[in-house]
Amino acid sequence: MGEMATFITGFIAIFLILMVVLVILSACIKIVPQAQVLVVERLGAYLDTWSVGVHFKMPFIDRVAKRVNLKEQVADFAPQPVITKDNVTMRIDTVVFFQITDAKLFAYGVENPLMAIENLTATTLRNIIGDLELDQTLTSRETINAKMRASLDVATDPWGIKVNRVELKNIIPPAAIQDAMEKQMKAERERREAILRAEGEKKSTILVAEGKKESAILDAEAEKQAAILRAEAEKEKKIKEAEGQAEAILKVQKAQADGLRFIKEAGADQAVLQLKSLEAFAAAADGKATKIIIPSDIQGVAGLVKSLTEVASEKG
């Protein structure tokens, strides 16, 4: 009976020893996930920084001093009171984007890194805003962000922290300043509205005047074209009339020439031709000429006419 109890007691002791060994071994195996590192100390002194993978540490003498996250982190700080150059107190809250680049410096550089960044952000913001007036503060966010990022990045280098970006999340001026700004904005909007209305009326007046000018030009051009067309019509009329008169004269002359040719072909003598010439002179006068100069060789025609008259009477 005693031997059985001793066996059971020994078995339990061995089992407990094995369990303790397994627990110690499992505690000595460390698996580091992605985007994290472990800062390991041996007997209180920095030993190594373990990155992604499986690592083994010595039991009892090695320990993980700090688990560090290498992802980019965001710190949103409460609004900080600041005073501008023209003595206006306002509240500004900032957002800082930072990333741990050196786990050893982060573990041993500063006691509370996040609190250190917050205090450093507040003091840097006060220094920058203290050199700016209210209007500059409201319109220079990009400049303020760049200056703060540069200052914080330099200050946090010894802590193994890199500041990637700083943003002014909100600027809260006093209530009186906000009311004055709203009134100013309203007045500015009304001024712009009046300017736009005046410019619209000016453009409308210019367009109306230009339209009248174009209309007058078109009317003058139309009148000019009408006058040209009338002149051309009158010209064509006169040309046609002149051509008609010339054609009539040509026909008369042609008729007379045909008559003379016919008389000549009929055997008329010189006396008949002279008589026809006299008739031509009479037709030329037509009651319009006051004086007609008759050539000397036609004077004998009178005697010829008298002789012809007498012969005709005798035959009668």
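Start with V96: setting aside residues up to four places away in sequence, it touches Q73, V74, A75, F77, I117, T121, L152, V163, R165 and V166, where a contact means heavy atoms within 4.5 Å. Before going further, note that this is a predicted model, with local features needing pLDDT of at least 70, side-chain atom pairs counting only at pLDDT 80 or more, and totals for chains, interfaces and linings using all residues. Residues are numbered from 1 along each chain as its sequence is written, and side-chain values use heavy atoms, with hydrogens and water left out.

V96 also turns up in the largest nonpolar core, which has 30 residues; V96, I92, L125 and I144 are the ones with the most contacts inside it. A core here is a set of buried Ala, Val, Leu, Ile, Met, Phe, Trp, Tyr and Cys residues joined through side-chain atoms within 4.5 Å. As for burial, buried is under 20% relative accessible area, exposed is over 50%, and partly exposed is in between (1.4 Å probe, protein chains only). Two or more residues of this core come from each of β2, β8 (89-100), α2, α3 (113-129), α5 and β9 (161-172). Those labels are DSSP runs numbered from the N terminus: helices are H or I with at least four residues, strands are E with at least two.

Now for the charged side chains. The structure holds ten salt bridges, each being a side-chain nitrogen of Lys or Arg within 4 Å of a carboxyl oxygen of Asp or Glu. One of them joins R42 and D62, at 2.5 Å from N to O. R42 sits in strand β2 (residues 36-42) and D62 in strand β5 (residues 62-69), so this pair ties together parts that are 20 residues apart in sequence. D62 is buried, at 5% relative accessible area, while R42 is partly exposed at 35%.

Next, look at D153, which forms a salt bridge with R149 (3.8 Å, N to O) and one with K162 (3.8 Å, N to O). That makes R149, D153 and K162 a linked network of salt bridges. R149 and D153 are about one helical turn apart, because they are four residues from each other in helix α5 (residues 141-156). D153 counts as buried, with 15% relative accessibility; R149 is partly exposed at 29%, and K162 is partly exposed at 37%.

What about the aromatic rings? There is one aromatic pair, using Phe, Tyr and Trp rings (the six-membered one for Trp) with centres within 6.5 Å; planes under 30 degrees apart are stacked, over 60 edge-to-face, and the rest tilted. The rings of Y46 and Y108 have centres 6.1 Å apart and planes at 85°, so they pair edge-to-face. Since Y46 is in strand β3 (residues 45-50) and Y108 in helix α2 (residues 103-109), the pair ties together parts that are 62 residues apart in sequence. Y46 is partly exposed at 30% relative accessible area, and so is Y108, at 40%.

Finally, the surface. M4, F7, I8, F11, I12, F15, L16, I17, M19, V21, L22 and L25 make a nonpolar patch of about 1200 Å². Patches take residues with over 30% relative accessible area and no salt bridge, joining like charges within 9 Å and nonpolar side chains (Val, Leu, Ile, Met, Phe, Trp, Tyr) within 5 Å. The areas come from the Shrake-Rupley method with a 1.4 Å probe, and for residues only the protein chains shown count as cover. One of the patch residues, I12, is in helix α1 (residues 2-28) and is partly exposed, with a relative accessible area of 44%.
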